[in-house]
Amino acid sequence: MGLPEFLIMLVVAGICGSIARALAGNTRGGCLVSIALGFIGALLGGKIADMLGLPEIFSIPFGGKNYPIVWSIIGASIFVAILSLLTGRSRS
């Protein structure tokens, strides 16, 4: 995987993480948090889909591997929701 593919993958992970944060109602963090959530969501969502025997709904190939867009958003949303439950909401 070259630098252009890596940069595109970072952008896609950031978009997936941002969508997941919006769905879960979390606004804390910035671009790097969204990118990290996109990658964690891809791992978590992909693992859940494999365990349940579900197919990849929409994926984009990067460097010979597929990046699962829908499962990344679902996995990141689940991860953000769990983090929000564990940390609680800030009182302002």
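1. Just after helix 1, G25 adopts a positive phi of about 80°. The model under discussion is a predicted one, and the points below should be read with that in mind.

2. Helix 1 covers residues 3-24, and its length is consistent with its residue count: at 1.5 Å a residue, its 22 residues should span 32 Å, and the end C-alpha atoms lie 31 Å apart, which agrees.

3. The largest nonpolar core holds 10 residues in all, namely M9, V12, A13, C16, I35, A42, F62, Y67, I69 and I73. Two or more residues come from each of helix 1 (3-24), helix 2 (31-52) and helix 3 (69-87), and helix 1 gives the most, with four residues.

4. Within this core, I69 is in contact with V12 and C16, and also with F58, S59 and I60, when residues up to four places away in sequence are not counted.

5. L23, which lies in helix 1, counts as exposed because its relative accessibility is 61%, where the cut-off for exposed is over 50%.

Methods:
Residues are numbered from 1 along each chain as its sequence is written. This is a predicted model: local features need pLDDT of at least 70, side-chain atom pairs count only at pLDDT 80 or more; totals for chains, interfaces and linings use all residues. Side-chain values use heavy atoms; hydrogens and water are left out. A nonpolar core is a set of buried Ala, Val, Leu, Ile, Met, Phe, Trp, Tyr and Cys residues joined through side-chain atoms within 4.5 Å. Buried means under 20% relative accessible area, exposed over 50%, partly exposed in between (1.4 Å probe, protein chains only). Contact means heavy atoms within 4.5 Å. The expected span of a helix is 1.5 Å times one less than its number of residues.
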